[in-house]
There are 2 protein chains.
Amino acid sequence: MASISGAIPEKTIERLSEYRRTLLSCHKQGITHIFSHVLAGIHGITAVQVRRDLMLIGFSSDTKKGYDVKVLIEFINNILDGDSVMNIAIIGMGHLGQALTKYFNGKGLKLRIVTAFDVDPEKVGKTIDDIPCYHMEEFEDVVSSMDISMVIISSPTRVAPTLVVPIINAGIKGVLNFTSAPLNFPQGIVSENYDITTILEKVAYFVKEGDDSGDKS
Amino acid sequence: MASISGAIPEKTIERLSEYRRTLLSCHKQGITHIFSHVLAGIHGITAVQVRRDLMLIGFSSDTKKGYDVKVLIEFINNILDGDSVMNIAIIGMGHLGQALTKYFNGKGLKLRIVTAFDVDPEKVGKTIDDIPCYHMEEFEDVVSSMDISMVIISSPTRVAPTLVVPIINAGIKGVLNFTSAPLNFPQGIVSENYDITTILEKVAYFVKEGDDSGDKS
């Protein structure tokens, strides 16, 4: 991931996002406190790791009852979330694009997919999953008028490389690319290539290796 | 990721999967050879990393013209793919489940999503995206009769924890979990929790940090 170097490492940011979802679910269930080793167990990591992550963000109110769930949620909110909602556009409103839109917008995040782009005449000009779909020709104008700072790319893989220049020109700051074409952006644009095929093939490989080598575990 | 320890590290397996997709795309375009630094550039890594990964799998036919694309694809196929197609079931045939099914099954992988499970009477008993959808009650029987070794979980998050026992009982070997509930499986089951919200929040965090700290890059 091409990222602007900050004080908090990428992996810690990922875990904070994960802790928060667990804490929100605990909070919903009426759980008020949680021990570091319980939080660690849920995430399959060590309690030392949890404590190290929370120390890194300056959270240290571990009591005899464990962490105060509500306070810790607020604390992580302050780290992860901006003051305002961040507007996101999705490029490619096919099955994956629509699924991602429904998925993210249903989660009550501080991140909102506010518009989509496509070139399919069946989609352009329509409202799909409650967001308007524009033609890619209008990309720069819409990004500017809707104050969009991030894009999610869920276009066909072959289209992805053609999106790099429009994204740079429009002043987009963050890119989450779900296609199989790895994209490189200049410094100053945070980008993550996130091809889910890779993860499927990885799990399959280790399943196969486990079978090949007998029951080693 | 809980994995059975093999000779090849997880990260290398991920990169091999990524290299292969790039190589397949090169092959389609009629490109016969590729230098390690070109492959590296496409993936935003160093040529040393590419050469190290390929050395690790015993591939060393770097010539003056670079790697032979077709030979390298075959070589990676032998590492990543089993002799036969691996059958996968998807649990939760909502928007994300359907998008994932269309996405993976359209890619010509050695991995096939062959069936779905749900509890929605609107879906159970029907064929969706060319695969049959069964009720979760039939999970163990169908897994056995269809020779399924991997599952993808795209159910609602609150349902995910209830799936652990059926998955273990059915003898599933690999789990790719897309929900926000991290799931832990006993050794011998390869599992990966892959919550896409995490990655979205991570990119958003670094975008926000970049803004906060001015244009550092």
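Two strands count as a pair if DSSP finds at least two bridges between them. Keep that in mind for the first two views of this predicted model.

View 1. Strand β5 (residues 127–128) pairs with β6(B) in the antiparallel sense, over 2 bridges. Look for B:Thr127, which stands opposite B:Pro132 in β6(B).

View 2. To spot the pairing, find B:Asp118 and then its bridge partner in β6(B), B:His135.

**View 3. Two helices of chain B, α1(B) and α4(B), packed together.** Packed helices are described by the angle between their axes and the distance between those axes. For α1 (residues 10–28) and α4 (residues 69–80) of chain B, the angle is about 145° and the axes are 10 Å apart. Their crossing is left-handed. Among the residues that meet are B:Leu16, B:Leu23 and B:Leu24 in α1(B), and B:Leu72, B:Ile73 and B:Ile76 in α4(B). By class, this contact has 11 nonpolar, 2 polar and 2 charged residues.

**View 4. Where chain A and chain B touch.** Chain A brings 57 residues to the contact, and chain B brings 58. On the chain A side, the elements that each supply at least two residues include α1, α2, α5 and β7. Helix α8(A) gives the largest share of that side, 14 residues. Sorted by class, the chain A side has 24 nonpolar, 18 polar and 15 charged residues.

Notes:
Residues numbered from 1 in each chain as written. Chains lettered and ligands numbered in written order. Predicted model: local features only at pLDDT ≥ 70, side-chain atom pairs only at ≥ 80, totals over all residues. Contact = placed C-beta atoms within 7 Å. Helix = DSSP H or I, 4+ residues; strand = E, 2+ residues; numbered from the N terminus. Nonpolar A, V, L, I, M, F, W, Y, C, P; charged D, E, K, R; others polar. Axes fitted to C-alpha atoms, helices over the stretch in contact; angles between N-to-C directions. Left-handed = near helix turned anticlockwise from the far one by under 90°.
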